[in-house]
Amino acid sequence: MSQTVKPCIIRRATAADLDCLPAIERSAAEAFRGTGVGLSPDAPVSSAEAWRPALRAGTLWVAGNDAGRIVGFLAARRINLVLHIDEMDVAFDHQRRGIGRALLDAAIDWARKAALREITLTTFRDLAFNRQLYASAGFVEIAENEMSERIARIISREAGYGLDPKERCAMALRLQARRGTR
C-alpha cells in the first residue's frame with residue numbers, strides 16, 4: 001500500500017526549532033520497535049541544546065509538514081572536506097513519505113555547493129529501511145579495514161551509548177568535484 005507524499009518544506013533550522021527536536025527523535029525511534037536492533041524506543045534522546053553546534057554551523061535542516069509543524073531533522077557537522085551526518089529523524093507518523101530523503105538531499109546539495117569531498121554516516125548494518133534509503137542516494141558501506149580513525153572513533157563512541165558496534169556500519173557518499181574545481 002503506497003501513501004500519498006504530502007509536500008514538505010526543507011529549510012535550515014532556526015533557534016526556535018531546537019525545542020521540538022527531542023520529541024521528533026523520540027517519535028522516530030518507534031520505527032525500531034520489534035526490529036531486533038539494539039536500540040530501545042525508550043532510550044534517552046539528545047537534548048535540544050545538543051544540536052546548537054550544528055545550528056551555528058548551518059548544518060541543521062528541518063522538515064515542516066503542510067501545516068507548518070516540524071516533523072523531521074538532519075544534523076551534521078563539517079570536518080575539513082567531509083560532512084558527517086550525526087542524526088536524521090522523521091517523526092514516526094510522517095515516515096515513509098519521502099521526508100527523510102528530502103532532508104538527505106538537502107544535506108547532499110549543501111555539501112556539493114561547499115565543494116566537500118564526501119558525506120559519511122553510521123547506521124544499523126541489518127536494518128533494511130535505513131540502508132536502502134542511504135544506498136538509493138549513492139552511499140556505500142565502508143569496509144572495516146578501510147575506515148578512517150575518525151569513523152572508528154564515532155562507532156566506538158556510539159558503543160558508549162549502548163549501540164553494539166557489531167550491528168553498526170559506516171557509509172560514505174563520495175562527491176564528484178564540480179567542473180572547474182580541483
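In the predicted model, Arg174 is exposed, with a relative accessible area of 51%. Its partner in a salt bridge is Glu118, and the closest N and O atoms of the two side chains are 2.1 Å apart. Because Glu118 belongs to strand S5 and Arg174 to strand S7 (residues 168-174), this pair ties together parts that are 56 residues apart in sequence. In contrast to the exposed Arg174, Glu118 counts as buried, at 11% relative accessibility.

Arg150 lies in helix H5 (residues 149-160). Leaving aside residues up to four places away in sequence, Arg150 touches Ile79, Val82, His84, Glu118 and Thr120.

In total, the structure holds nine salt bridges. One of them joins Asp86 to Arg77, with 2.9 Å between the closest N and O atoms. Asp86 is partly exposed, with a relative accessible area of 31%, and Arg77 likewise counts as partly exposed, at 29%. Another salt bridge links the side chains of Asp105 and Arg101 (2.9 Å, N to O). Both of these residues are in helix H3, where they are four residues apart, about one turn of the helix. Asp105 counts as partly exposed at 29% relative accessibility, and Arg101 counts as partly exposed at 29%.

The chain as a whole contains five helices and seven strands, arranged along the sequence in the pattern β-α-α-β-β-β-α-β-α-β-α-β. Of its 182 residues, 43% count as buried. Among contacts with a separation of 6 or more, 71% are made by residues 24 or more positions apart. The accessible surface of the protein chain is about 10,100 Å², and carbon and sulfur atoms contribute 50% of this area.

Three aromatic pairs were found in a search of the whole structure. In the pair formed by Trp61 and Trp110, the ring centres are 6.0 Å apart and the planes stand at 70 degrees, so the arrangement is edge-to-face. Trp61 is located in strand S2 (residues 60-64) and Trp110 in helix H3 (residues 99-113), so the pair ties together parts that are 49 residues apart in sequence. Both Trp61 and Trp110 are buried. A ring is involved in a further arrangement, in which the charged end of Arg168 sits over the ring of Phe124, 4.6 Å from its centre.

Several loop residues were also examined. Leu18, in the loop between strand S1 (9-12) and helix H1 (21-28), is buried, with a relative accessible area of 1%. Apart from residues up to four places away in sequence, Leu18 touches Ala48, Trp51, Arg52, Leu55 and Leu60. The C-alpha atoms of Leu18 and Val62 are separated by 9.7 Å, although these residues are 44 residues apart along the chain.

Positive phi values in residues other than glycine occur at Asn80, near 55 degrees, and at Ala115, near 60 degrees. Asn80 is part of the loop between strand S3 (70-79) and strand S4 (82-90), and counts as exposed at 65% relative accessibility. Ala115 is found in the loop between H3 and strand S5 (118-124), and counts as partly exposed at 43% relative accessibility.

How values were computed
Residues are numbered from 1 along each chain as its sequence is written. This is a predicted model: local features need pLDDT of at least 70, side-chain atom pairs count only at pLDDT 80 or more; totals for chains, interfaces and linings use all residues. Side-chain values use heavy atoms; hydrogens and water are left out. Helices (H or I, at least four residues) and strands (E, at least two) are DSSP runs, numbered from the N terminus. Buried means under 20% relative accessible area, exposed over 50%, partly exposed in between (1.4 Å probe, protein chains only). Contact means heavy atoms within 4.5 Å. Accessible areas come from the Shrake-Rupley method with a 1.4 Å probe; for residues, only the protein chains shown count as cover. Rings of Phe, Tyr and Trp (its six-membered ring) pair if their centres lie within 6.5 Å; planes under 30 degrees apart count as stacked, over 60 as edge-to-face and the rest as tilted. A charge sits over a ring if NZ of Lys or CZ of Arg is within 6 Å of the ring centre and within 35 degrees of the ring normal. A salt bridge is a side-chain nitrogen of Lys or Arg within 4 Å of a carboxyl oxygen of Asp or Glu.
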